[in-house]
Each structure stands twice: as C-alpha cells, then as structure tokens.
Amino acid sequence: MTGPEQSRVPFVAASPQGMVVAGGLPAHVVYVLRLGDDNLVMAQRLGEWISRGPDLEEDIALANVALDHLGQARALLAHAGALEGMGRTEDDLAMGRAERDVHNLLLVEQPNGDFAHTVARALFLDAYQVELWRVLSGSGDATLGGIAAKALKEARYHLRHSSAWAVRLGDGTALSHARMQAAVDDLWRFTFEPFAADAVDLAAAASGVGVDPEVLRAPWDARIDAVLTEATLERPSDPYQRTGGRQGFHTEHLGHVLTELQWMQRTFPGLHW
Amino acid sequence: MSGVAEPAAHVARVRALLDDVFDPEIPVLTIGDLGVLRAVEVEDGATVVTVTPTYSGCPAMDAIRADIAVVLHRAGVTDFEIRTAYAPAWTTDWMGEAAKTKLAEFGIAPPARVAEAMVAPVRCPRCRSTATTTISEFGSTACKALVVCDACREPFDLFKAI
C-alpha cells in the first residue's frame, strides 16, 4: 500500500535531481498511472450497469465498453508498475491504492445517474481519449505507444456509440431531450480537467512520452460541438470548473467506487481463485 | 531444457503445434488464422511465442496463453516464454480468406476490409441475403456485433472490422 508516507510528499515538486516527482513517483510513472486510472474507474462505473441496462443489447454494449477500458487499464497499470521498478503489479496498483494516490479525472468517477448521464460522461471521455490515443500512438515510450494505438481503435468505436446515443436522446422526445441536456449541463464542469496541464503533463510532454493536453482541446471542442448540434442540444456556457482528480483530490464518489472495487483484496489480501 | 539444436526446424515444429490452439470463443479459428499469433522465435535456446490481443480486454487471451503453454508442454517444449505485444495493433485485415470462409460456415458473418467496413454490405451467413439490419454494435464477445437478416429473420453475429 502507498500510505501516509507518500501522502506527505508535496504532490508535484522538483526532486534534488531536477526530475519532476509527484507523490514520490517520477513524472513518467505518474503520467501512465493517470491514464490507467481513468480507464480503471470508468470500467468500474460502466460495470455497475450490468444487469441494469435499459435493454439487453445496451446492457451488453456497456459491458463490452467496460471490458475495453479494463483491458486498457490493465496494460497501463502493468506498464506503470514496470516503469516504477518496485515490483508492484497491475493488481497491486488497482487494489492497493487509496483515493489520494489514485489519479483519474473527476469526470469518470461521477455516478452513472440516469442513462443520459452515463451517455454524456462517455461522450466527453471518448472524445478526449480518441484525441489522446491518436497523439500517444507516437509516444517516445514504445510500450505506451503500442497500448495507445490499440486503445485508439476501441475509443473510436466507443465514441460512435456514445455520440449515437447523445443524438438519439437529444433529438428524441421532449423528455429525453430535457434529460440529455440536463446531463450535459451537470457534467460540463468536469470537462475542463482533461486539458488542464500540470508539471507532470509538461514533463511527460517535454520528454516525448506524453502530450501537453492543451493541444487536445480544439479537436475535442470541434467533435463535441458537432455532436451537440446534431443532437439539438445547447453547449453549456457556464465557465465553472472542477479539477483535482489528477492530483488525487477527488469528489466524494471515488471513495465509494474504490470501496466496492477493492473490498475483496482489502479483506483477504492477496486472495486468488 | 538445454538449447535448441536447429532453430529453423524447431520454429517450424512449434508453429505446427500451435495450429492446434483455437480461439476459445470462435472454435473454428486457430490463433494463426486470427492473426493473434505474431511470432515464434528462438532466443538463447528458449522458445519465444509472441501474441497480440484482439481487444485490450479480451478475456480469451488468458485462455489462449494457457492453451499455448499446454500444447508446448505436451510436446516436450518446456523452456519457453509467451510474450504479449500491443504494437502493431491487431486488425481484422490480418484474417485470411480461408479463415473468413470458416467463420461464415460457422454462422458468424466475417469482417469486411477495414477500409470498406462502413459501406460493405453484411451478408447473412445462413441464407446469403445482404438485406440485413444491425441490432447492436456490440455482441456476445468484444469482437462481434449483433445483426438480424431481413430475409430469413435469423439473428447472427458479425465479426467487427477493426
């Protein structure tokens, strides 16, 4: 477990060697962890829909998307563990970290809400990940580049699915339109964080491993605007934004997600079956 | 086990052995047919088998790795490593025509070429009609979508082109 000792380290600071460290870890490791955590938490949230989908096909669709995110999370967390070089496995990282050491975007930990909220959350994430994986396919970290190239194909498929639902609900009945608009408005405050760079992002970008997320914003905006327009939805103008997930400062919801995700390993550490 | 005497012959033998490893969810296709098997090599006298996942989260990959290990052990190949490569990313374009025919005969509509996937008609594997309607872009496994034939009303799986 990464516990209190690590939490006392200032989150982002310059180490004596001049290397950017975050929570005691090198920027490269944290950068990969962050991307892994987005997918881990998104997979867990989508998994909550299983057996509760609005129809059988959609239940299966959400489970399939969850599985893609879980696979991406496994590859990224395994890679982060290897980069760290302390012997932590993908399971150790998924099951053994508390909220402050988990770096997912606040967006993905938000509750499923009604189906419109699930669609809006997926749309915002998918549009971001398509741009992210496209750029990271050329990462100087060849393993990360390979994972990204694979994930890009999956993210494109996810985006097609979430976009189609946003249009279907937005341009549907008065009720579905109102609920889709409410979901977009509700989650809008979490759509700034993916593009807010901190020292970890900038160090990863400078070393050729990562990308300055600011460059992903324009294509994300264009994509989201196109979907919202087709869906007859209004783009929110509220500038209020929530950030902090990348640095381990989460909304209340992540604790509940981790409690369910980690319960078995916390109760029976190292359990196998 | 000590080193391999004739690497080329050994690689050919291992490749032949791996023709017995099928996808657990599509039992008519071998991992070679699917393009999941990427390489068989000899490194420092050890056999190295490299596989690539169809989808990042494909649960069949664990079964495939286990099946490879069983086949190699049974043939007396004990000094081996199974590696997973993500790049280049797997594509259904690696699937040959023979594999696509086997898929269709099994009742799964084979994938179109990726470049043509958005426009290519989907043919019902039962009655061959191209009058078909997508029910869901997601199906029974990560690699399939669900389609129904408008001519014979048979619902069937379509192998997604990626």
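**Briefing on chains A and B**

In strand E4 of chain B, Val48(B) is the bridge partner of Glu41(B). This pairing belongs to a predicted model, in which 16 residues of chain B are in contact with 19 residues of chain A. On the side of chain B that touches chain A, eleven residues are nonpolar, four are polar and one is charged.

**The hairpin of chain B**
- Strand E3 (residues 37-43) of chain B and strand E4 (residues 46-51) of chain B run antiparallel, and six bridges join them.
- Two residues lie between the strands of this hairpin, where Asp44(B) takes a positive phi near 50°.

**Overall make-up of chain A**
- Chain A has eleven helices and three strands, and along the sequence they follow the pattern α-β-β-β-α-α-α-α-α-α-α-α-α-α.
- The C-alpha trace of chain A spans about 60 × 40 × 35 Å along its principal axes.
- For 273 residues, a compact globule would have a radius of gyration near 19 Å, and the 18 Å of chain A agrees with that.

**A helix pair in chain A**
- Helix H2 (residues 27-47) of chain A packs against helix H3 (residues 56-84) of chain A at an angle of about 155°, and their axes are 7 Å apart.
- Because angles over 145 degrees count as roughly antiparallel, H2(A) is described as roughly antiparallel to H3(A).
- The contact of H2(A) with H3(A) is made up of 17 nonpolar residues, seven polar residues and one charged residue.
- The crossing in which H2(A) passes H3(A) is left-handed.

Notes. Residues numbered from 1 in each chain as written. Chains lettered and ligands numbered in written order. Predicted model: local features only at pLDDT ≥ 70, side-chain atom pairs only at ≥ 80, totals over all residues. Axes fitted to C-alpha atoms, helices over the stretch in contact; angles between N-to-C directions. Helix = DSSP H or I, 4+ residues; strand = E, 2+ residues; numbered from the N terminus. Parallel < 35°, antiparallel > 145°, perpendicular 65-115°, else oblique. Left-handed = near helix turned anticlockwise from the far one by under 90°. Nonpolar A, V, L, I, M, F, W, Y, C, P; charged D, E, K, R; others polar. Pairing = 2+ DSSP bridges. Contact = placed C-beta atoms within 7 Å. Rg over C-alpha atoms; globule rule 2.2 N^0.38 Å.
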